[in-house]
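I opened this notebook to keep track of what I looked up, in the order in which I looked it up.

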Amino acid sequence: MTADHVHQEKANLTIAPIYSFPKGLPGFDQLKEFLLQEHNEVFSLLSAVDQPEISFITVNPFDFIPDYEFSLPDDTMLDIEVNNREQVAVRCIVTWHSEREKITINLLAPLIFNVESFKAKQIVLQNTIYTTKHPLWSSSEAVEEGGDS
Amino acid sequence: MLVLTRKKGESIVIGNDIVITVLSVEGDVIKLGISAPKEVDIYRKEIFEAIQKNNQNAAMDLERIKNVILDLNGTNK
């Protein structure tokens with residue numbers, strides 16, 4: 001399970017490429033192709049190519065949680081054909097809520113993009129304190145309630 | 001559902017290349033060893049279901065997302 005240490009990736013996502021998720025996205029297994037659009041400096045939008053009603057707000061987690069870190073599993077590197085860290089971009093799915101403080105980011109299952117092969121996968125971190133519902137704007141490092149890990 | 005009885009150290013084989021071995025049993029805690037090809041993803045079920053549910057809750061219509069983000073602009077970070 002050791003691999004390149006993923007931290008503070010800098011890969012540019014300036015165009016709006018279509019990424020292939022060979023294994024789909026959990027909960028939407030039938031959808032394999034997603035468009036990743038930069039919306040502004042903070043938010044990018046991940047939309048199912050065939051079903052734009054299935055779209056997600058995503059952010060670069062390192063913009064919000066600077067010390068977020070994990071190791072990319074070997075099997076993931078094979079799945080999306082990663083050979084070096086320059087190919088890797090990380091985004092996390094945001095669950096929007098009308099109350100700003102209830103907006104959360106899924107740190108337990110980051111999206112890993114290979115910006116060269118245009119393959120991507122949502123991975124599930126093992127043995128981690130991260131949860132699917134980390135407050136997006138909280139700077140608190142306290143362990144949040146409702147842990148999924 | 002197929003039901004099998006196994007003892008500590010015994011295994012079951014699924015297909016040609018997935019082997020699940022009972023490593024230890026202590027009370028109601030069972031430790032399993034799983035050998036599977038790298039392309040087979042293995043998750044704890046409740047965690048995988050939490051990810052599925054979280055994704056389904058997070059999914060929104062693209063147009064709605066754009067409106068939502070407009071509302072957030074100015075309050076970013």
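What follows are my entries on a predicted model.

**Entry 1, the interface.** I began with the extent of the contact between the two chains, and I noted that 42 residues of chain A touch 30 residues of chain B. The area buried between chain A and chain B comes to about 3100 Å², and carbon and sulfur atoms give 61% of that area.

I then looked up the polar pairs, and between chain A and chain B the rule finds 10 residue pairs in polar contact, both residues being at pLDDT 80 or more. As for where the side of chain A that touches chain B comes from, I listed strands E4 (43-48), E5 (55-59), E7 (88-95) and E10 (119-122) together with helices H1 (61-64) and H2 (74-79) of chain A, each giving two or more residues. Of these, H2(A) supplies the largest share, four residues. Sorted by class, that side of chain A holds 20 nonpolar, 12 polar and 10 charged residues.

For the largest pocket I recorded a volume of about 660 Å³, with a lining of 20 residues, of which A:Gln126, B:Ile34, B:Asp41, B:Ile42 and B:Tyr43 lie nearest its centre. Two elements give two or more residues to this lining, namely H2 of chain A and strand E3 (29-35) of chain B. The lining divides into 11 nonpolar, three polar and six charged residues.

Which side chain of chain A meets B:Asp41 in a salt bridge? I found that A:Lys121 does, at 3.0 Å from N to O, and the count between chain A and chain B is two salt bridges. Over all chains the structure holds nine salt bridges. A:Lys121 also meets A:Asp79 in a salt bridge, at 2.7 Å from N to O; this pair links distant parts of the chain, with A:Asp79 in helix H2 and A:Lys121 in strand E10 of chain A, 42 residues apart.

Methods: Residues numbered from 1 in each chain as written. Chains lettered and ligands numbered in written order. Predicted model: local features only at pLDDT ≥ 70, side-chain atom pairs only at ≥ 80, totals over all residues. Heavy atoms only, no water. Contact = heavy atoms within 4.5 Å. Buried area = accessible area lost by both parts, 1.4 Å probe. Salt bridge = Lys/Arg side-chain N within 4 Å of Asp/Glu carboxyl O. Polar contact = N/O pair within 3.5 Å; in protein donor to acceptor, adjacent residues only side chain to side chain. Nonpolar A, V, L, I, M, F, W, Y, C, P; charged D, E, K, R; others polar. 1 Å grid on protein atoms, 1.4 Å probe; cavity = no way out; pocket = protein on both sides within 12 Å on 5 of 7 lines; lining within 4 Å. Points joined across faces, edges and corners; volume = space filled by probe spheres on them.
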